[in-house]
Each structure stands twice: as structure tokens, then as C-alpha cells.
Amino acid sequence: MVKNKKKRIGILTAGGDCPGLNAAIRGVGKTAIVKYGMEVIGLTSGFSGLINKEYVPLDERQLSGILTLGGTILGTSREKPYKRGGELDVDKPALIKQHYDELGLDAVVCIGGNGTMKTAALLSKEGLNVIGLPKTIDNDVWGTDVTFGFDSALWIATDAIDRLHTTANSHSRVMVIELMGHDAGWLTLYAGMAGGGDVILIPEIDYDMKVVNKYLNSRVEKKKSYSIVVVAEGINRPKEISAATYIAEQIEAGTGIETRKTILGYIQRGGSPSPMDRILATRFGASAVDLIAKDLYGKMVIKKGEKIGSVDLSKVAGKTRLVPINHAMVEKARGLDICLGNRK
Ligand code: F6P
């Protein structure tokens, strides 16, 4: 009987970083080494690691002590190997396939968001054994209830909003805070709710400044001395100006209330992952290797309810999970008299 060859797998982290990437790398690596006796290498800087054949061997020693670390020990990049153009006429997908073979890889775990899943699906179509793990603070990957990184960012954003309450109150001001999320409003909706935002503006819901300003004036009439406006970076606005700057200007001009803006920025992506993200990333990582052990490829690991499962990467590619305008949280927010910008 031929003894099964020890599998050799690669891990890469691509796209914008987020808390929980190292927890996922550890989950993949430890499960592969300890549970299945596989060999693991870390490909550096996202898909660039495969294009340039740059990697580091990962053993249990490198995987120790990284669970709580923010960022990614492998580095990341927004390299899109299938994007046409650029200075050099290099067939990047061909290089990736060549290096995948030269490195003796049996599978690659691609940890990333929507862009990464799109590339992963294309590589899978070309015959590479690929598994995707969804991460992003935006929580906008189709097919999963949640991505890791989101919960940590939610904590950070909520803490920031909490802090704005006290300074807004002292000065009787309107405070506008802009949160990340790309084209999706998940982070803004959740942090806005958790932080007691009075106005929450998300890309999925068209807003009218007349409605927002009328609402803010009505709060003054009700002797509410200050207001908190939480806006997503992706809301409709003139492209040359940030969402917070635009909304703050519109509020001050339309109401005369002294208004200040805060753009929270990359703080939302930094630092140690929350306990929930550590757990989710670890479960995702371990489940990716369970799929590889069964020779199941071309899949993205997902969470649905309490269960971890998988969907075909080909179904995920090219989609974005946006907040449905009739989402339960949206309905509840309206019931609490939170202004979503389009109140009747
Ligand atoms: O997708 C994650 C994210 O942080 C978005 O929320 C944000 O729009 C974008 O990345 C910022 O990207 P970059 O790191 O390229 O500036």
C-alpha cells in the first residue's frame, strides 16, 4: 500500500489588514501541523508572495504567541494578479502556478476580503487547490454571516463614539464621526446603534440633508444639548471631500449648530483582536485545514448561525454583502427615533 504523502500547504493574507489575521494563521498552521502532520509555509505580502516566490517556513515555534497580535506576521498587499496593465508585461497567474508547483504545494489558504476571494476563485478555476477564509472589518463578504475583524472594529468604533458623547455634551455640539466599511454600512450601523448615535447614515440608504437637519433642530427644541452623527465612508457625497467633512459642513450650514468631525481611520483596523474575533478566526482556520484534509477545494469557509461550513468560491466571487434596507436593525433603529436620513 502506498503511504499518503505528507501534504504541504501555503497560507497568505491579502487585502487590507484587520484584527484576527494572526489568530487565523495560527488556527490553520497549528491544525495542519498538530492534527494532520502537514507541512506549512507562509507566503509573504498577499499574492505577491506567490508571484515572487517569497515565503517563510512556519512551524509551531513561529505560530506561538501570535494569537493576540494585531496585523499579520506574513504582511499583506492589494496585489491583484489578474488585473491587466501595469508597467511590466508579466503573466502573473502563470508565475503563481509555476511557483505553486515548484514549492510542492498541495493547497493554499487565502485569507482576505472580497478582492481576495475573487482572485482565489480564479486560481481555483485554473486548477490550484484553494481555500478562502473571509476577513474584513467591513463584514461585506457574501455567503457568511460574519467575517473576522468586524467585531474588533466594532469595539474600537463604539469606544470612539462613547468618547465623543462627553465632549459633544460639554460643548453642546453636533459631532460627526466617519467610520470605514467601503461600500457597506455594517460597521456604521452596528457601532451607531451600540454607541447611541442619533443619526446613522449608511451607503445602502439614501439620505436627505433636509431630513437630517430638521431632525437635529428638533433635538435642540427638545432640549437635547448635543447630537452624535455616525456616517459611513461610502455614503453618497462629492468625491473630493470626505463623508464626515461633507456632512458636518451641510449640518452647520443648514442648522447653525456648532459641528465638529472625526474621521476614525486606520485605528479601526489596528491592535489586538477581540475575544470573538480570536475564536472566529481560529475556528475558520481550523476548518480550512479540515477541508484540505478531505481534499475539498475551491471553497470559502463561512459561519451560518452557530455553524461553521463552506460555500463554493465561484459563488462568492464578484459579490458584496450589503445591509438590506429592511434589515431588522434598521427597523429597530427607526423605532428608537434614530434618524437614518430618509425619515418620512
Ligand atoms: O476593506 C477594509 C478597508 O479598511 C475599508 O474599510 C477601507 O475603505 C479600505 O480598506 C481602506 O483601504 P487601504 O488600506 O487600501 O487604504
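Modeller: Two packed helices are described by the angle between their axes and the distance between the axes. In this predicted model, the axes of helix 8 and helix 9 (residues 243-255) come within 10 Å and cross at roughly 60 degrees, which makes helix 8 oblique to helix 9. Axes are lines fitted to C-alpha atoms, for helices over the stretch in contact, with angles from 0 to 180 degrees between N-to-C directions; angles under 35 degrees count as roughly parallel, over 145 as roughly antiparallel, 65 to 115 as roughly perpendicular, and the rest as oblique. Helices (H or I, at least four residues) are DSSP runs numbered from the N terminus. Residues are numbered from 1 along each chain as its sequence is written. Since the model is predicted, local features need pLDDT of at least 70 and side-chain atom pairs count only at pLDDT 80 or more, while totals for chains, interfaces and linings use all residues, and side-chain values use heavy atoms, with hydrogens and water left out.

Biologist: In which hand does helix 8 pass helix 9, and which residues meet there?

Modeller: The crossing is right-handed, a term for the near helix being turned clockwise from the far one by less than a right angle, with anticlockwise giving left-handed. Met209, Asn213, Leu216 and Asn217 in helix 8 meet Ile247, Gln250, Ile251, Gly254 and Thr255 in helix 9, where contact means heavy atoms within 4.5 Å. These residues divide into 4 nonpolar, 5 polar and no charged; Ala, Val, Leu, Ile, Met, Phe, Trp, Tyr, Cys and Pro count as nonpolar, Asp, Glu, Lys and Arg as charged, and the others, Gly among them, as polar.

Biologist: How do the axes of helix 7 and helix 12 cross?

Modeller: The axes of helix 7 (residues 186-194) and helix 12 (residues 328-335) come within 11 Å and cross at roughly 40 degrees, so helix 7 is oblique to helix 12. Their crossing is left-handed, and the contact is made by Leu189, Tyr190 and Met193 of helix 7 with Met329, Val330, Lys332 and Ala333 of helix 12. By class, that contact has 6 nonpolar, no polar and 1 charged residues.

Biologist: How much space lies in the largest pocket?

Modeller: The largest pocket holds about 770 Å³ of space, and of the 33 residues that line this pocket, the closest to its centre are Arg78, Lys80, Gly113, Asn114 and Gly115. By class, the pocket lining has 8 nonpolar, 12 polar and 13 charged residues.

Technical notes: Helices (H or I, at least four residues) and strands (E, at least two) are DSSP runs, numbered from the N terminus. On a 1 Å grid over the protein atoms alone, a cavity is a set of points where a 1.4 Å probe fits but cannot get out, and a pocket is an open set with protein on both sides within 12 Å along at least five of seven lines; lining residues have an atom within 4 Å of a point. Grid points are joined across faces, edges and corners, and a volume is the space filled by probe spheres set on the points.
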